[in-house]
Amino acid sequence: MLPVDLYAASVPVFQRYLGQLAGLLDIAETDVQARQLGADALLQARLAPNMLPFETQVQIVANFALRACFPLAGEAVPPYGDFPATFDGLRARLSRAAQLLGALEPARFAASASRQIEERAGDAVLTLNGAEFLTQYALPNFFFHLTTAYLILRSHGLAIGKAQFDGFHAYSGAR
């Protein structure tokens, strides 16, 4: 197996998708205003009764980016502030997380593949090397919560698709 640059596989990926999620928040807020709905109706929306609401999914996305990258860099996850559970607060949370990621130096990731990282996963405690931690735990969990946030928006009628999710796709006409 070829060695993977864990900085390149983490920080830019997380930063990109934090930005994409911020764009989805903009679309969601505009939609709520256009339909004259209360913001809480969407912020507290869930896919299933026992799942976390939209605003918590967004918070977890921001948290996971930091919980992944800082341990890979051999650093403690920094406190990054309290943010209200509003569209503006969620955008500020995403922005702050991206800013903190931007301050991480690629050189700090040099030994990250073999660094042992301990993390709580619900009630379980995991100990994985950095490569396994990123590829088998952190990235999948980040995208799970990002996708769940996206699906909550879709389930509430927002006209969003893959183009808004990843920023790469483009489609002509209605899909």
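Predicted model: local features only at pLDDT ≥ 70, side-chain atom pairs only at ≥ 80, totals over all residues.

Biologist: Where is Ser112, and what does it touch?

Modeller: Look in the loop between helix 4 (87-102) and strand 1. Helices here are DSSP runs of H or I with at least four residues, strands are runs of E with at least two, and both are numbered from the N terminus. Contact means heavy atoms within 4.5 Å. Leaving out residues up to four places away in sequence, Ser112 touches Leu6, Leu72, Gly130 and Ala131.

Biologist: And His145, what makes it buried or exposed?

Modeller: Its relative accessible area is 11%, so His145 falls on the buried side. You'll find it in helix 5 (residues 130-155). Apart from neighbours within four places in sequence, His145 contacts Gln57, Ile60, Val61 and Phe64.

Biologist: What about Gln36: buried or exposed?

Modeller: Gln36 has a relative accessible area of 73%, so it is called exposed. It sits in the loop between helix 1 (11-34) and helix 2 (39-43). Gln36 also has a positive phi of about 50 degrees, although it is not a glycine.

Biologist: How do you know that strand 1 and strand 2 pair?

Modeller: Two strands pair if DSSP finds at least two bridges between them. Strand 1 (residues 116-121) and strand 2 (residues 124-129) have 6 bridges, in the antiparallel sense. Among the bridge partners in strand 2, Thr127 goes with Glu118, and Leu126 goes with Glu119. The hairpin has 2 residues between the strands, and Gly122 there takes a positive phi near 65 degrees.

Biologist: What does Leu128 contact?

Modeller: Leu128 is in strand 2. Neighbours within four places aside, it contacts Arg115, Gln116, Ile117, Phe133 and Tyr137. From Arg67, Leu128 is 61 residues away in sequence and 14 Å away in space, C-alpha to C-alpha.

Biologist: Stepping back, how many helices and strands are there, and in what pattern?

Modeller: The protein has 6 helices and 2 strands. Along the sequence they run α-α-α-α-β-β-α-α.

Biologist: Why call the protein as compact as a globular protein of that length?

Modeller: The radius of gyration is taken over C-alpha atoms, and the globule rule is 2.2 Å times the number of residues to the power 0.38. The protein comes out at 17 Å, close to the 16 Å the rule gives for 175 residues, so it is as compact as a globular protein of that length. Its C-alpha trace spans about 50 × 35 × 30 Å along the principal axes.

Biologist: How much of the protein is buried, and what share of contacts joins residues 24 or more positions apart?

Modeller: Buried residues make up 42% of the 175. Of the contacts with a separation of 6 or more, 68% are between residues 24 or more positions apart.

Notes:
Residues numbered from 1 in each chain as written. Heavy atoms only, no water. Buried < 20%, exposed > 50% of the residue type's maximum accessible area, 1.4 Å probe, protein only.
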